[in-house]
Amino acid sequence: MKFGIVVNEGPYTHQAADSAYQFTKAVLEKGHEVFRVFFYHDGVNNGTRLTVPPGDERDIQKNWTALAEEHKVDLVICIAAAQRRGILDANEAKRQGKDADNIAPGFRISGLGQLIEAGIEADRLVTFGD
Amino acid sequence: MSILHTVNKSPFEKNALSSCLGHTKSGDGVLLIEDAVYGALKGTKSSDQVEAAKSTVGLYVLGPDLAARGLAADRLLDGVTVVDYGGFVDLVAKYDTTQAWL
Amino acid sequence: MSEAAGGGATSKKFLYVNRKAPYGTIYALESLEVVLIGAAFEQDVSLAFIDDGVFQLSKGQSTDAIGVKNFSPTYRALGDYEVTKLYVEKESLDERGLTLDDLMDVTYEDEDDDYEEKPSIRVVSRSELADIMAGQDVILSF
């Protein structure tokens, strides 16, 4: 079965990102396919590589990146939500005249259509938020 | 079609669980995660409403979130099934759609 | 999955559930942005307004003094995107002391009925809304 997963909150303040990560891992462990993880609202903040959590805490961004690298999970950050909140890839940084980008490895920035597509293509869409 | 409703708010803070239970149909499932696991406890002001849903709706609670909050299984309402993340995945697959009561 | 009206391609029934008031948080605005983008995908789209979500449709929103964009006119434009089913829950209105008169006029032109202007807002009971939810393929909540 194909799963789409939506993450609507950033890391650390709400449990939503942790729940979504644990759920995504379990989907893969059960032998299902993850069509896409879509990050919306403050969820886009999962995709900055500039977080520095304390050494004895989980690193939420690195956890996501590992899923992308080990399982080819498609991690998509909503461009409209990302622009509001300062999550940029190199292209966007250049296009918007900003002096840096901050997107983490394994994430990509794209449009809201990717969320609708996940709803259409996946057999199940599961949302985590606040 | 059947819906798996997920709720993640404490019933003592937000109305998500109450609103969810007001919109379920026979054959649906309700899974309590994160702070909504407090909604699975016996002897609270929301216990009666959850108890009343039992006859038509499957009630589930996420074990890892119970454990994190120090809630033992003997505190739970009868008829609430504890699942792990793998069980969460199975429930999503079992019901036709999923609706999050954020 | 349900067949698209008049088309061979399959489309899904999408329901956007709005349970939060506007301005206090960004969810209502960003939900609307999903609806507008989603309209291009020619799915069968409905919106539900329950709990504090009914406040999103309040008449007379004026945000000048809070410095935030007033996005309420966008609801009235939904008809142009062929988003014509806005289900508002009667119990949620009642609980908040609201009636249909307190909500904006949201209409659409019915192309199947000589482009007659019709109301997009449909006040439904909680149990009718439960039936509407049960008929969906994809439910997105904000």
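This is a predicted model: local features need pLDDT of at least 70, side-chain atom pairs count only at pLDDT 80 or more; totals for chains, interfaces and linings use all residues.
Which parts of chain C face chain A? Strand S3 (13-18), helix H1 (27-38) and strand S9 (138-141) of chain C each supply at least two residues to the side that touches chain A. The largest share, eight residues, comes from H1(C). Sorted by class, that side of chain C has 11 nonpolar, four polar and four charged residues.

Now let's take in the whole contact. Chain C brings 19 residues to it, and chain A brings 19 residues as well. The area buried between them is about 1500 Å², and carbon and sulfur atoms give 60% of that. Charged partners meet here too: three salt bridges are found across the interface of chain C and chain A. One of them joins A:Arg84 to C:Glu30, whose closest N and O atoms are 2.8 Å apart.

Next, turn to a place where chain A meets chain B. Helix H1 (residues 16-29) of chain A packs against helix H4 (residues 85-94) of chain B at an angle of about 75°, and their axes are 8 Å apart. Because angles of 65 to 115 degrees count as roughly perpendicular, H1(A) is roughly perpendicular to H4(B). Among the residues making this contact are A:Phe23 from H1(A) and B:Phe88 from H4(B). By class, the contact holds seven nonpolar residues, three polar and no charged ones.

Terms used: Residues are numbered from 1 along each chain as its sequence is written. Chains are lettered from A and ligands numbered from 1 in the order in which they are written. Side-chain values use heavy atoms; hydrogens and water are left out. Contact means heavy atoms within 4.5 Å. Buried area is the accessible area (1.4 Å probe) that two parts lose on being put together, summed over both. A salt bridge is a side-chain nitrogen of Lys or Arg within 4 Å of a carboxyl oxygen of Asp or Glu. Helices (H or I, at least four residues) and strands (E, at least two) are DSSP runs, numbered from the N terminus. Ala, Val, Leu, Ile, Met, Phe, Trp, Tyr, Cys and Pro count as nonpolar, Asp, Glu, Lys and Arg as charged, and the others, Gly among them, as polar. Axes are lines fitted to C-alpha atoms, for helices over the stretch in contact, and angles run from 0 to 180 degrees between N-to-C directions. Angles under 35 degrees count as roughly parallel, over 145 as roughly antiparallel, 65 to 115 as roughly perpendicular and the rest as oblique.
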